[in-house]
Amino acid sequence: MKSLFFTLGLLFSVQRLARSTSDSEMHENRALEPLDRGPYFDISASRNVTALVGKTATLTCRVRNLGDRTVSWVRHRDIHLLTVGVETYTSDQRFVASHFPRTEDWTLQVKYPQRRDSGIYECQVSTTPPIGHSMHLSVVEPVTSIVGEPEMFINKDSTMNLTCVVRHSPEPPTAIYWTHDHEVINYDSPRGGVSVITEKGEVTTSYLLVQRAQRADSGQYTCHPSNANTKTILVHVLND
């Protein structure tokens, strides 16, 4: 009889251990399975955008696990539905939605943006209830200035240092060139002593240096950034 009880107890312990091991494995397997969470936004790819006036702005919304749902774009300023899928639902044809097959990115393009287009835009998914992710569009117009404008007076034989500053640009200008009395300055001219130094960044600065300035160096100097307005200063070189 003792042998029978021992055998039954051992069998019960083995079954309990097997059940415990099975439950543990099931829990681990469940943890390894992908979470079925429905559509959600990948905010690492859906960022705020800064664009230049007149140059197309693109907002990107990355939606994972979209399934058969629809993506729409809404402008918060007036709660205006702009697009549904890739169809435009506004009379303002500057707004265009696009989606490339087999990707998770849905984009909203704003063509010829103006400063009034700045604000919050929301990417919405047609779940129940709908879910959305908001992004801010900033439409900026770079501002150019020349230190000391509108006129500068320097002594003959001194060094002329003209400083052109470009602010509020989402990216540095690809190039800045200078003109003197409407002619592009040649830094390799026989006159010599003329050079330019450009430092690019959030604020881009271009320095035009003219050594041993002469009366002939007087006149209008204009700074021409590639992505901003021009600016002019009138320089007077004075006799000692």
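Are Cys61 and Cys123 buried or exposed? Both Cys61 and Cys123 are buried, where buried means under 20% relative accessible area, exposed over 50% and partly exposed in between, computed with a 1.4 Å probe on protein chains only. The model is predicted, so local features need pLDDT of at least 70 and side-chain atom pairs count only at pLDDT 80 or more, while totals for chains, interfaces and linings use all residues. Residues are numbered from 1 along each chain as its sequence is written, and side-chain values use heavy atoms, with hydrogens and water left out.

A search of the whole structure finds 2 disulfides, a disulfide being a pair of cysteine sulfur atoms within 2.5 Å. One of them joins Cys61 to Cys123, with an S to S distance of 2.1 Å. Cys61 lies in strand 3 (residues 57-64) and Cys123 in strand 9 (residues 119-125), so this pair ties together parts that are 62 residues apart in sequence; strands here are DSSP runs (E, at least two residues), numbered from the N terminus. The torsion about the S-S bond of Cys61 and Cys123 is about -80 degrees, so the disulfide is left-handed.

A disulfide also joins Cys164 to Cys223, with S to S 2.0 Å. Because Cys164 sits in strand 13 (residues 160-167) and Cys223 in strand 18 (residues 219-225), the pair ties together parts 59 residues apart in sequence.

Ser46, in the loop between strand 1 (40-41) and strand 2 (49-52), is buried, with a relative accessible area of 5%. Leaving aside residues up to four places away in sequence, Ser46 touches Thr60, Cys61, Arg62, His133 and Met135, contact meaning heavy atoms within 4.5 Å.

Terms used
Helices (H or I, at least four residues) and strands (E, at least two) are DSSP runs, numbered from the N terminus.
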